[in-house]
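Please keep the sequence and the model at hand while reading.

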Amino acid sequence: MPDSLTCDVAIIGAGTAGLAAERSARSNGASTMLIDPQFAGTTCATIGCMPSKLLIAAANGAQSARDAKRFGIRVQDVKVDGPAVMARVQAERDRFVRHTQDDITKIPEEIRICGRASFISPDELALDDGRTIRAGAIVIATGASPHVPEAYAELGSNILTNETVFDLEDLPASLAVIGSGAIGLELAQAMARLGVEVTIFDEGRRLGGVRCDKVHAALASAIGEELTVRLGVKLQPGLASDGITLSWSGDNSGKGTFEKVLVATGRRPNLQGLNLSASGLELDDHGVPRHDRATMRCGKSSIFMAGDAAQDLPLLHEASHDGAIAGRNAAASPASVESERFAPLAITFTSPSLCRIGQSEDEGVITATSDFRDQGRARVEGINRGVLTLYAAAPDGQLIGADMFAPAGEHLAHMLAWAVQMKLTATQLLEMPFYHPTIEEGLKPALRTICAARPLALPADQDSGTPPGG
Ligand SMILES: Cc1cc2nc3c(=O)[nH]c(=O)nc-3n(C[C@H](O)[C@H](O)[C@H](O)COP(=O)(O)OP(=O)(O)OC[C@H]3O[C@@H](n4cnc5c(N)ncnc54)[C@H](O)[C@@H]3O)c2cc1C
């Protein structure tokens with residue numbers, strides 16, 4: 001291979017966003033180069049979405065077996081076989097990883113450039129093997145990595161992150177989870193359901209940064225039944241002969257020893273090694289190039305951001321959408337086209353799931369809550385807990401967002417995100433069919449409250465609710 005390469009669009013990083021950007025740029029007629037040090041598979045498959053959901057699936061299996069007695073089913077001796085749980089997580093994860101690697105090998109070989117890239121100038125990259133790439137446009141899709149605070153960094157292999165936790169051969173006896181964001185909450189509840197003694201810590205006073213007080217109360221009560229929650233505390237870690245000690249102070253204080261500590265204090269964009277100072281880009285306060293989410297373009301340059309590196313919404317479907325937008329505009333650079341972005345949708349796969357859609361309370365917003373404790377189908381299934389809060393704009397009741405910790409939350413959240421994106425009103429939703437008995441019927445009380453809050457009448461047949469029994 002020559003030492004100086006050229007292409008229309010160079011993409012740095014072969015994760016979900018980079019792969020989407022490369023596909024999009026090439027299908028829009030650009031010659032491309034996709035740069036990655038390893039092409040080892042996406043974060044989603046290797047250390048993210050998929051292994052975390054595999055661990056959660058095992059945890060929910062154990063919980064269902066324990067809960068079966070509610071239906072008069074006796075399951076004796078629910079035993080969690082830690083090595084078997086982790087072996088399945090790893091085997092299925094490896095299958096997903098192979099799948100993404102197979103997809104990567106379908107990209108023509110001359111396009112796949114193995115190496116780590118950094119900027120020499122706004123249109124030229126250096127690779128760590130000495131080669132250079134000159135490109136008409138560049139997409140930065142380098143992802144993010146777990147942020148491990150200094151106090152934990154030197155404490156050895158008992159400190160886990162999402163990069164190491166799925167490689168454990170067995171489940172620990174005890175686990176401290178630092179950080180109650182999506183990753184912390186999901187893994188803390190899963191580990192607790194798998195029989196691990198779990199404590200979750202956060203400096204803040206809210207789990208998962210939940211916006212709605214009622215939703216937070218439901219979440220905190222459910223999580224508090226399964227594991228120890230310590231909010232509003234600062235931590236001091238140290239080494240112990242049998243694990244890691246944590247001393248905490250703040251809203252409460254104490255000291256404990258844990259076999260393992262999972263640090264889930266956020267993920268930072270992988271931008272440090274890129275020599276951004278040579279890119280000429282303007283950076284925000286976090287060192288991320290300023291960019292427009294409608295085009296993913298950085299200022300008036302020919303450089304585009306995509307995925308977790310952009311630090312907008314670190315979610316898979318957004319990374320993929322970012323990549324498609326960035327790749328298309330990079331191929332047409334400098335003629336960028338603005339794209340409509342999705343209604344914001346984030347799901348934390350706790351049980352029930354914690355979901356956040358669109359905007360929340362603001363001046364002039366109508367707020368309405370459905371409670372699932374007495375919802376018909378949820379009671380049938382024995383999953384009747386949680387609440388859902390809808391936000392609608394006055395005066396016409398157009399849905400603008402929702403928060404929920406509710407049964408079938410991931411499905412309700414999709415319906416609501418689609419409704420928000422389509423700018424539907426509560427009346428229009430109530431004019432559509434709700435099958436009986438379903439969890440979806442649980443939306444109706446909140447939708448009716450929104451209708452009642454404005455001077456328009458409920459649609460025909462909507463003046464009486466579906467009682468839990470039909
Ligand atoms: C535990 C966990 C659970 C998650 N669960 C969910 C979920 O349930 N749902 C959801 O929507 N999202 C979830 N996410 C988030 C989701 O995984 C990410 O948003 C998504 O994977 C980001 O993709 P990306 O392409 O930006 O980054 P990545 O897939 O990380 O790709 C970045 C690539 O860039 C490469 N790279 C870095 N620096 C350089 C360089 N200098 N030169 C060349 N290459 C470089 C890296 O090697 C890597 O291959 C989860 C994340 C984690 C950690």
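## Cysteines

The search of the whole structure turns up zero disulfides. The model is a predicted one. A disulfide would need two cysteine sulfur atoms within 2.5 Å. For Cys 114, the closest cysteine sulfur belongs to Cys 7 and is 16 Å away, so the two are too far apart for a bond. For Cys 212, the closest cysteine sulfur is that of Cys 355, at 13 Å, which is also too far for a bond.

Are Cys 114 and Cys 212 buried or exposed? Cys 114 is partly exposed, with a relative accessible area of 43%. Cys 212 is buried, at 5%.

Strand E2 covers residues 32–36, and five of its five residues are buried. In a regular strand, side chains alternate between the two faces of the sheet. In E2, Thr 32, Leu 34 and Asp 36 lie on one side, with Met 33 and Ile 35 on the other; both faces are covered.

E2 pairs in the parallel sense with strand E1 (residues 4–12) over four bridges. Within this pairing, Leu 34 of E2 has Ile 11 opposite.

## Strand E10 and its neighbours

Why is strand E10 (residues 197–202) described as largely enclosed by the rest of the structure? Five of its six residues are buried. Strand E9 (residues 174–178) is a parallel partner of E10, with five bridges between them, and Val 177 stands opposite Ile 200 in E10. Between E9 and E10 the chain passes through helix H6 (residues 182–193), in a right-handed β-α-β crossover.

E10 is also paired in the parallel sense with strand E11 (residues 228–231), over four bridges. Ile 200 has Val 229 as its bridge partner in E11. The chain runs from E10 to E11 by way of helix H7 (residues 213–226), and this β-α-β crossover is right-handed.

## A nonpolar surface patch

Which residues form a nonpolar patch on the surface? They are Phe 71, Ile 73, Val 75 and Val 78, which together have about 320 Å² of accessible area. Phe 71 is located in the loop between helix H3 (49–67) and helix H4 (82–105). Its relative accessibility is 46%, so Phe 71 counts as partly exposed.

Notes. Residues numbered from 1 in each chain as written. Predicted model: local features only at pLDDT ≥ 70, side-chain atom pairs only at ≥ 80, totals over all residues. Heavy atoms only, no water. Buried < 20%, exposed > 50% of the residue type's maximum accessible area, 1.4 Å probe, protein only. Patch = residues over 30% accessible without salt bridge, like charges linked within 9 Å, V, L, I, M, F, W, Y side chains within 5 Å. Areas by Shrake-Rupley, 256 points an atom, 1.4 Å probe, with all protein chains shown as cover. Salt bridge = Lys/Arg side-chain N within 4 Å of Asp/Glu carboxyl O. Helix = DSSP H or I, 4+ residues; strand = E, 2+ residues; numbered from the N terminus. Pairing = 2+ DSSP bridges. Right-handed = clockwise from strand over helix to strand, strands pointing away.
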